[in-house]
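Please look through the sequence and the model shown here before reading on.

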Amino acid sequence: MARKLTNNNAQFERAVQRLPLGVASNFRYWGADRTIYVKSGKGARIIDLDDNEYVDYRMGYGPAILGYADERVDAAARDGMQVGGVFALSTERELAVANRIAKMVPAAELVRFSNSGTEAVMAALRLARAYTGKDDYVILEGSYHGLFDAAMWFTPMDKWSQVGDPEVKPYSEGVPVSTKSFAHFVQANDANQLADVLKRHAHRIACLLIEPIMGNCLGIAAEPPYLKAARELCDKHGVVLIIDEVKTGFRVARGGVQELYGVKSDLCTFAKALGNGYPISVLAGREEIMRKIGRGVAHGGTYTAHSVSLAAAEKCLEILDETDALERICDYGTKLRNGMRGILAARGIAHSFVGHPSMSGLYFAHEPPRNYRAWKSSDYSFYDAMAQVLHDEGVLCEPDSREPWFVSAAHDDSCLADTLRGFEIAVDATLKSSGASHKVPA
Ligand SMILES: Cc1ncc(COP(=O)(O)O)c(C=O)c1O
């Protein structure tokens, strides 16, 4: 049943007078009649301005790993407030949080804080360039590393004709064309292609910047043998391996994807789950490289290691490290997949799941995709139509099939029951509106 969005729509009309697209981030604009404004969030649920309640699977694109307004983290943040904010000086807690990170992620020998994922990745790239004395970088098709010029070259697959290589385009106007030549694109899970690119261009390539579970591309995952090959190729060619764990860090395992897959980066970046929503990010890595910071490489920022974010991160990491929160998240994600699988299989709809149960991509084809090009052959129009009905039924996933479903420790049995009820309705409504063309035997 379609929701009432009267107050949301009225807020949009007012907001758009003052804020471009009526929002603070382009990704939050879902159209004049569907943009949602949040009244409050608690646990895994949010309530909008029309008092529609949703079980949320966006969780702020991942940060709310323990759920919204987690009382333990918020109490810690209030303690952090007592410290006083920012001083253009350091506080004791920085070391405590850095020590926890180093314990959880062995590759994080040294640690520096920033405020957002973008800032951390930007710093990692700069550091890799400084360390190697080279400017180019290799990046996977379908990965996302934030909104800064170097990371804003991408291969828009929706426009790809499935013949030849997809075009490399800027994600936005205003990105200087001169920055394009630094980026080399490869497909996930093709070690031969990576070997070839490095063989030909390693003299110019500073780093391989890799997001092993692509959190903005369904959760398409690099396979362990590919990562192992990537590690060896980087070592062979003097290329820094940067693993961007902004989404996977402290989520898919205590030590992130590096623990899950048994791979060690030279540099790695974290944000999202680090502070349960408080703005904080991390650049970490091998001592030899990290010691370049302050010895030729600039790093800093007025709000870096703010006492509120730092206190929130300290508590959030303590919970993730010392309780079974991540096991419960994985367990819920598995039950969610099983429930959806049952509903889809009963209707003969071909599907598969990608990524990790804590950040699952639902893909409408028999075989899970191994790279971004494969997404093109799935029935993403079915997903896009279904997502709209899910929203009406109180299940908030991203409207675009490429964003995975994020699970938090606050998702419980009642969330699961509400989700599967809404999912069944949404699948049936989408089948009805799209005809039988989507009924591929499972
Ligand atoms: C893998 C990855 N890196 C970097 C970023 C950028 O982080 P932020 O949005 O905090 O700047 C994101 C954001 O989604 C991300 O998923």
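The sections below describe the surroundings of the ligand and then a pocket.

## Residues around the ligand

The model is predicted. In it, the ligand is surrounded by Ser116, Gly117 and Thr118, by Tyr144, His145 and Gly146, and by Glu211, Asn216, Asp244, Val246, Lys247 and Lys272. Sorted by class, this shell comprises six polar, four charged and two nonpolar residues.

## Polar contacts and cover

Threonine 118 has an N or O atom in its side chain 2.5 Å from an oxygen atom of the ligand. The side chain of aspartate 244 likewise places an N or O atom 2.6 Å from a nitrogen atom of the ligand. For tyrosine 144, a backbone N or O atom lies 3.5 Å from a ligand nitrogen atom.

On its own, the ligand has 390 Å² of accessible area, and the protein covers 84% of this.

## The second largest pocket

The second largest pocket holds about 460 Å³ of space. It is lined by 24 residues, of which Ser90, Glu94, Phe113, Thr304 and Ala305 are the closest to the centre.

Two elements, helix 3 (93-104) and strand 4 (110-114), each give two or more residues to the lining of this pocket. Helix 3 contributes the most, with five residues. In terms of class, 12 residues of the lining are nonpolar, nine are polar and three are charged.

Key:
Residues numbered from 1 in each chain as written. Predicted model: local features only at pLDDT ≥ 70, side-chain atom pairs only at ≥ 80, totals over all residues. Heavy atoms only, no water. 1 Å grid on protein atoms, 1.4 Å probe; cavity = no way out; pocket = protein on both sides within 12 Å on 5 of 7 lines; lining within 4 Å. Points joined across faces, edges and corners; volume = space filled by probe spheres on them. Helix = DSSP H or I, 4+ residues; strand = E, 2+ residues; numbered from the N terminus. Nonpolar A, V, L, I, M, F, W, Y, C, P; charged D, E, K, R; others polar. Near = heavy atom within 4 Å. Polar contact = N/O pair within 3.5 Å; in protein donor to acceptor, adjacent residues only side chain to side chain. Areas by Shrake-Rupley, 256 points an atom, 1.4 Å probe, with all protein chains shown as cover.
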